[in-house]
Amino acid sequence: MTYQISPSILSCDFANLEKEVRAMQQAGADMIHVDVMDGHFVPNISIGLPVVASLRKKTDAFLDVHLMISDPLTYAPQFADSGADMIVFHVESDSDVQATIQSIKAKGKKVGISLKPKTPAEAAFPYLTQLDMVLVMTVEPGFGGQKFMADMCPKVAAIRKECDRLGLAMDIEVDGGISNDTIGQVCAAGANVFVAGSALFGKPDYAEAVKSLRAHAQAAV
Ligand code: DX5
Ligand code: ZN
C-alpha cells in the first residue's frame with residue numbers, strides 16, 4: 001500500500017498561495033487538498049472557482065478538491081473545468097449522488113464521495129464500484145485545527161472491508177485532526193490518503209513534517 005499525503009491549503013498563508021503550494025510539493029507532498037466551503041453546507045466560507053483556476057496556472061500538482069457545498073451537481077463540472085484533478089463531494093449534500101458522480105466522470109476527472117462523522121459507512125456502499133476515493137471525515141467539516149475523532153476508525157475499516165470484498169483497490173482518505181499522534185490509528189484501520197492542514201502548514205520545516213507524517217503512517221502497519 002502506498003501512503004499519500006495531501007496537505008490542506010486551508011491552513012496555509014493565502015496571501016502566498018503559489019509559494020505555499022510549491023513549498024509543500026518540494027517537501028514531498030503527493031497532492032494538494034483544496035477545501036471549498038459555501039457557508040451553507042458548512043458554517044464557513046473558504047475559496048472557490050477562481051482560486052482553483054489560478055492555482056492550476058501556477059502548478060502541476062494533483063489538485064484534490066473537497067467540495068463542502070450544498071449543490072455539487074451544479075458546481076462540480078465547473079471545478080473540473082477550473083483544473084481540479086479529483087473532485088470529492090458529500091453524500092449529505094442536496095444533489096443527487098449518482099448524477100453528481102456522472103457529471104464528474106463526464107469531465108474525465110477522478111471522483112470521490114465524502115461522509116460526515118454521523119453518516120454510516122453503508123452510505124458509500126452503493127457507489128463504490130464507480131469511485132476512485134472515499135473520504136471519511138474525522139472531524140465535523142468546516143474548520144481546520146479540530147480534534148481528531150478516533151471513533152471514525154471502525155467506519156474506515158468497514159469501508160476497506162467492503163472494498164476488499166468487491167475486489168476494489170480504493171483510495172480511502174481521512175481528513176481532520178490528522179497528525180503524528182493520530183495517523184497511525186487511521187492507517188491501521190485501512191486509510192491510505194491523509195489530509196493534514198495544521199499539522200503541516202503549521203510547521204516551520206515542511207519537508208520534515210511530511211516525512212514524519214509518512215513515517216508515522218508506515219510505522220502503524
Ligand atoms: C475541514 C477540512 C479539512 C481541514 C483539515 O472541514 O475539510 O481539510 O483543513 O485541517 P486539520 O488537518 O488542521 O484538521
Ligand atoms: Zn477537506
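The model is predicted.

The shell around ligand 1 was examined by residue. It holds 20 residues, of which D35, G142, D175, G197 and S198 come nearest. By class, 8 of the shell residues are nonpolar, 10 are polar and 2 are charged. Three strands, β2 (32-37), β3 (63-68) and β8 (193-196), each supply at least two residues of this shell. Strand β2 gives the most, with 3 residues.

Polar contacts to ligand 1 were examined next. An N or O atom in the side chain of S198 lies 2.5 Å from an oxygen atom of the ligand. For the side chain of D35, the distance from an N or O atom to a ligand oxygen is 2.6 Å. G197 takes part through its backbone: a polar backbone atom of G197 is 2.7 Å from an oxygen atom of ligand 1. Taken alone, ligand 1 exposes 380 Å², and the protein buries 100% of that area. The space that ligand 1 takes up is the largest cavity.

Charged pairs were also examined. Side chains of opposite charge can pair when their charged atoms come close. The structure holds 6 salt bridges. One of them joins the side chains of R56 and D85, with an N to O distance of 2.9 Å. R56 belongs to helix α2 (residues 49-58), whereas D85 sits in the loop between α3 (72-82) and β4 (86-90), so the pair ties together parts that are 29 residues apart in sequence.

Key. Residues numbered from 1 in each chain as written. Chains lettered and ligands numbered in written order. Predicted model: local features only at pLDDT ≥ 70, side-chain atom pairs only at ≥ 80, totals over all residues. Heavy atoms only, no water. Near = heavy atom within 4 Å. Polar contact = N/O pair within 3.5 Å; in protein donor to acceptor, adjacent residues only side chain to side chain. Areas by Shrake-Rupley, 256 points an atom, 1.4 Å probe, with all protein chains shown as cover. 1 Å grid on protein atoms, 1.4 Å probe; cavity = no way out; pocket = protein on both sides within 12 Å on 5 of 7 lines; lining within 4 Å. Sits in = over half its atoms within 2 Å of the grid points. Helix = DSSP H or I, 4+ residues; strand = E, 2+ residues; numbered from the N terminus. Nonpolar A, V, L, I, M, F, W, Y, C, P; charged D, E, K, R; others polar. Salt bridge = Lys/Arg side-chain N within 4 Å of Asp/Glu carboxyl O.
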